[in-house]
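Here's a quick tour of one protein, from overall shape down to a few ring pairs. Have a look at the model first.

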Amino acid sequence: MTTIRLKPKKEENVLRFHPWIFSGAIQSIDGRPHEGDLVRIVSHDGSFLAIGHYQIGSIMVRILSFEDVPIDRAFWQRRIRAAYTLRRAISLADTPHTNAFRLIHGEGDNLPGLVVDIYGSTAVMQAHSVGMHTVRQTLAELLIEEVDGLRNVYYKSEGTLPFKADIEPHDGYLIGNASDCIAVENGLRFHADWLGGQKTGFFIDQRENRALLERYANGRSVLNMFCYTGGFSLYAMRGGAALVHSVDSSAKAIELTDRNISMNFGSDPRHTSFTADAFSFLNDIKDSYDLIILDPPAFAKHRDALHNALQGYRRINAKAFSQIRPGGILFTFSCSQAVTREQFRLAVFSAAAQSGRSVRILHQLTQPADHPVNIYHPEGEYLKGLVLYVE
Ligand code: SAH
């Protein structure tokens, strides 16, 4: 196995269990590892620090273990078991009203580069590193062995593996074959479209925030902007909203929203959907709504896009503040990892100030417990939300 020696003092981050080694910390590499290979990290004086997957880029190693143990089938099994134990400890893995949960959340489960979502009897697995891609079949077999009732593993990594790595992953079933699956979340039913949909098919991470929205929906006129599968819309409907408008620029997303609404509510006349761009739709809504959800895609995928992202959050929120009905409630989110909680709050603050309205924070939201944040890797906290009361 290749050994990577760090520069003097650069072991400090590793000793604090941070799971990434940046290229700037590396003194020397003995050999020529391929992307995805296991490598040993040693300090400048040669003492063992960690084992991880080698990759090309500014993060050069994603650490798998801070102990000198073999990274074999038994290792992966221990990690998967630990992740599953956590989900059972928080009562997510076996409830009748929810069959969709995140089983493995990358660094949050000490498995950097791997994401696994469970939908009933199917796991949808995403590799974000070549190292995880390499062991995908072993991981799939272990998932079937470890997770009660699991029969299928779908691999979905065409869009998530680093394109520079020059491998051509194919999305498809590694084990089993399920054609259509219904995700059940707090008793609401969704088509989880992992074959065609974004991410692993459905945004599980908004589960608790949607449930909170349901509590505020009664009698309100709701605008669900960036609706994708209609998640927030379904909860608003069940919460007794007077009307619900769902908007997304993607026709496929709107089709999915319509299917999900009719699966749960038939042809309930309270709901209408619109294929439209958010920024132009918000231009002329006047004061039609008193509950607005803004859950845009990650405006900043990388740090260099940060400035534009913050502008984007400010612009979209300013539009909502200027038009929401007095006494209205705004649920506003950012899922960009590169945007901190403070930066997001500041962007929303600027937008509020621009509108001149009186705005108060009712709730500060984040990702749910099945998307845990490794305390040594604060970068893992990516979902930020504010619930605001606008006079
Ligand atoms: N709120 C959703 C997730 C939103 S994902 C949920 O609870 O599941 C972001 C969505 O924004 C995607 O469906 C994407 O198609 C849509 N989108 C991206 N840019 C947009 C734009 N400019 N206007 C409207 N929708 C947009």
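## Charges

How many positive and negative side chains does the protein have, and how far apart do the centres of the two sets lie? There are 41 positive and 42 negative ones, with 4 Å between the two centres. Keep in mind that this is a predicted model.

## Overall build

The chain folds into 10 helices and 20 strands. Its C-alpha trace spans about 65 × 45 × 35 Å along the principal axes. The radius of gyration is 22 Å, which agrees with the value near 21 Å that a compact globule of 391 residues would have.

As for what's inside, 53% of the 391 residues are buried. Among contacts with a separation of 6 or more, 64% are between residues 24 or more positions apart.

## Aromatic pairs

The count of aromatic pairs comes to 12. One of them is Trp20 with Phe22, an edge-to-face pair at 6.1 Å centre to centre and 85° between the planes. Trp20 is buried, at 12% relative accessible area, while Phe22 is partly exposed at 34%.

Tyr313 and Phe344 also pair up: their ring centres are 5.5 Å apart and their planes sit at 85°, so this is edge-to-face too. Because Tyr313 lies in helix α9 (residues 306-323) and Phe344 in helix α10 (residues 341-355), the pair ties together parts 31 residues apart in sequence. Both Tyr313 and Phe344 are buried.

Ring pairs also link Phe17, Phe66 and Tyr376 into a cluster.

Conventions:
Residues numbered from 1 in each chain as written. Predicted model: local features only at pLDDT ≥ 70, side-chain atom pairs only at ≥ 80, totals over all residues. Heavy atoms only, no water. Helix = DSSP H or I, 4+ residues; strand = E, 2+ residues; numbered from the N terminus. Rg over C-alpha atoms; globule rule 2.2 N^0.38 Å. Buried < 20%, exposed > 50% of the residue type's maximum accessible area, 1.4 Å probe, protein only. Contact = heavy atoms within 4.5 Å. Lys, Arg positive; Asp, Glu negative; His and termini not counted. Charge placed at Lys NZ, Arg CZ, Asp CG, Glu CD. Phe/Tyr/Trp six-rings, centres within 6.5 Å; stacked < 30°, edge-to-face > 60°.
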